[in-house]
Structure formats: C-alpha cells, structure tokens
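Hello,

Here is the structure I said I would pass on. Please open it first, then read the notes below alongside it.

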Amino acid sequence: MIKGYMGIDIGSISTKGVIIDSNNNILASEYIWTKGNPMEAVKRLLTLLKKQIDTKKIQVVSIGTTGSARKLIGTMLGAVIIKNEITAHAIGTLSKYPDIKTIFEIGGQDSKIIIIEDGIVVDYAMNTLCAAGTGSFLSSQAKRLDIPVEKFGEIAINSKNPTKIAARCTVFAESDLVHKAQMGYKKEDIVAGLCRSVVINYLNNVGKGKKIQAPIIFQGGVSKNIGVVKAFKDVTGEEIIVDELGHLMGALGVAILAKNTNKERPFTFQIIDYPFQTKAVECEKCPNHCEIICVRQGEKLLDSWGNRCERGAIRS
Ligand code: SF4
C-alpha cells in the first residue's frame, strides 16, 4: 500500500485539495468553488479526489487543513495539523522552488505578500480591505470596458504605452478610467494601465516597506492574467515566476506538513456528520459590515470566518 497525505485549503471563494506521496509528488488534485458553504465544498472535493486515486493501492494516512475554515474542516476530518495560509503557502512553494525569496499573491478578494530568507518566512502582510489591488477590481473594470476578463491579459501585452491610471483606490481608478476612455486613449493602453495600477496598488499596500527580492513567484487567480504578470515585471525590473499549479500551493504545503508530523490517522473518505450550529453575525465596527459566520458545538466556538480584518475576529 502506498501512503498518501492529503492537504485541503478552504478559502471563502475556492476550495483546493491535493493528495501527495511520501516524495511530495501530487497523486490527485482538485479546485472547486466554495459557494459560501465550506462543509459542502469539502464533501464535493473529497468525492472528486477519491475518484482520482485507486483506494486499493493508496491509503490516505493523514490530513492537514489550511484556509479560512481550516479549524472546522480540520476537526470534521480528524486532521493531524491545522495551519494558517502563510505557512502553508510558503511550505508548498518552497517544496518546488527552494530558493524563492518573495511570494506575491493576488486573489479575487484579497492579496498577500510573503518574504522568505533561507527557506524561512521572515515577514508577511495580508490585505483584505482594499479592492483596488485584487481580481474583483479587474473583473469589474473589464465589464465596464466591455472586454471579457480572460482577454484582458492578451490585450494588455499589446500596449506600447500603458495609460497612467490613478491607482490610489477603486473609486479614483474607476473615474480616471472613464475619463481616459472618453479622451480616446487606445483600449490596449487603458487595459495595460489598469494592470499596472493593480500592481502599483499592491506594492504600495501589502508590499509597503517589505524587502522584495528575486526570485519572485506570483500566485493566486490574478497570476493567470499575463497583463498583470508583465506589469509586475516592468515595475519591479525582475523576472516573475508563475507556476501553473500556483493555486494549489497552500494545499500542497499543508499536505507536506501533515506528512512531516509522522502522525497517522488513516482516512477512509467517510465523513462523519458533525453536529454543529451555524450562525451569521454582522460586524458593526466599520462601514464594511462584514457578515461573519460562526460555527459552534453547543457553547464552544469551533470556527468563524468572513471578517475582513482582525477587529471583527470572534474568539469565543
Ligand atoms: S471585520 Fe468589522 S471592522 Fe473589520 S472590515 Fe469587516 S466590518 Fe470592518
């Protein structure tokens, strides 16, 4: 029997999973939308992962979880390790790129930066509040310009002269975009300017004061946009690595961490229905009014997510 180690990364937008062998080779992997229900997403994910392996030959001996609903899912599945996203992403990335010094990550709704020295995380930052440096901003602007977001990158790289777009925040960038479009700037230059504004925003917010050194890897959904990749290259003056499995790095990292615990809790893909109560509460500490989901077992708080900053964290 081959031993398998499973890593699951449950984010608010997407849920990712991998099964690796003892040499960190990926035996199965899957990426699905969370659709606001991490429990259901994980059940679907497990069914899809199981289909990819021969359970007569591969036995999953341990599980690790990361991502916003990591505690709940980790408890449900009897995980041997539950880790934050920063550590999981760094470990996953370092397993493929041992020399990496900087990880840029831009997702649909948040972004982060991880600084690594000699294979150890020495600094990081996360940004969940400013939309101007994320994928959702690019999608909404693509709609405004009537361009499918998948075509954004292709169009942007044809630009010889990216238009300067005010990058400070979404509201400024949006009105500037409309203004530039009315003034008759070329579409490719505006699109390239937008990609550049996402990069500048990212570097001025999450990247502020960080020691950014090559080799740099770029991950998250927005890394699929070649226009943003090129803008990062132009602005930093460095090569930017994009791995086609970049979206799985968190899951891979936590699978490796599970393996390294040397604890074994064989998993049969049977999920025990876990008795818990879910309740949504609204944070009123700022105008964002985040909806925070709390999962409790009786009085005990098992997990909570949805708060875009620490001020809204629910701890008991
Ligand atoms: S968690 Fe609360 S304080 Fe933080 S961004 Fe959301 S609403 Fe504002």
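**Helix contacts and cavities**

In this predicted model, helix H7 touches helix H8 through Cys195, Arg196, Val199, Tyr202 and Leu203, which meet Gly227, Val228, Ala231, Phe232, Asp234, Val235 and Thr236 on the H8 side. By class, this contact is made of eight nonpolar, two polar and two charged residues.

To find the two helices, look at residues 187-204 for H7 and residues 226-236 for H8. Two packed helices are described by the angle between their axes and the distance between those axes. For H7 and H8 the angle is about 55 degrees, and the axes are 8 Å apart. The crossing of H7 past H8 is right-handed.

H7 has another partner, helix H4, which covers residues 135-144. How are H4 and H7 oriented to each other? Their packing angle is about 160 degrees, with the axes 11 Å apart. Angles over 145 degrees count as roughly antiparallel, and H4 and H7 are therefore roughly antiparallel. H4 also passes H7 in a right-handed crossing. On the H4 side the contact uses Phe137, Leu138 and Gln141, and on the H7 side Leu194, Ser197 and Val198. Four of these residues are nonpolar and two are polar, with no charged ones.

Next, the empty space. Rolling a probe the size of a water molecule over the atoms shows where such space is left. The structure has three cavities of 30 Å³ or more.

The largest cavity has a volume of about 110 Å³. Its lining consists of 13 residues, and those nearest its centre are Cys283, Cys286, Cys290, Arg308 and Cys309. By class, the lining holds six nonpolar, four polar and three charged residues.

Regards

Definitions and conventions
Residues numbered from 1 in each chain as written. Predicted model: local features only at pLDDT ≥ 70, side-chain atom pairs only at ≥ 80, totals over all residues. Heavy atoms only, no water. Axes fitted to C-alpha atoms, helices over the stretch in contact; angles between N-to-C directions. Helix = DSSP H or I, 4+ residues; strand = E, 2+ residues; numbered from the N terminus. Left-handed = near helix turned anticlockwise from the far one by under 90°. Contact = heavy atoms within 4.5 Å. Nonpolar A, V, L, I, M, F, W, Y, C, P; charged D, E, K, R; others polar. 1 Å grid on protein atoms, 1.4 Å probe; cavity = no way out; pocket = protein on both sides within 12 Å on 5 of 7 lines; lining within 4 Å. Points joined across faces, edges and corners; volume = space filled by probe spheres on them. Parallel < 35°, antiparallel > 145°, perpendicular 65-115°, else oblique.
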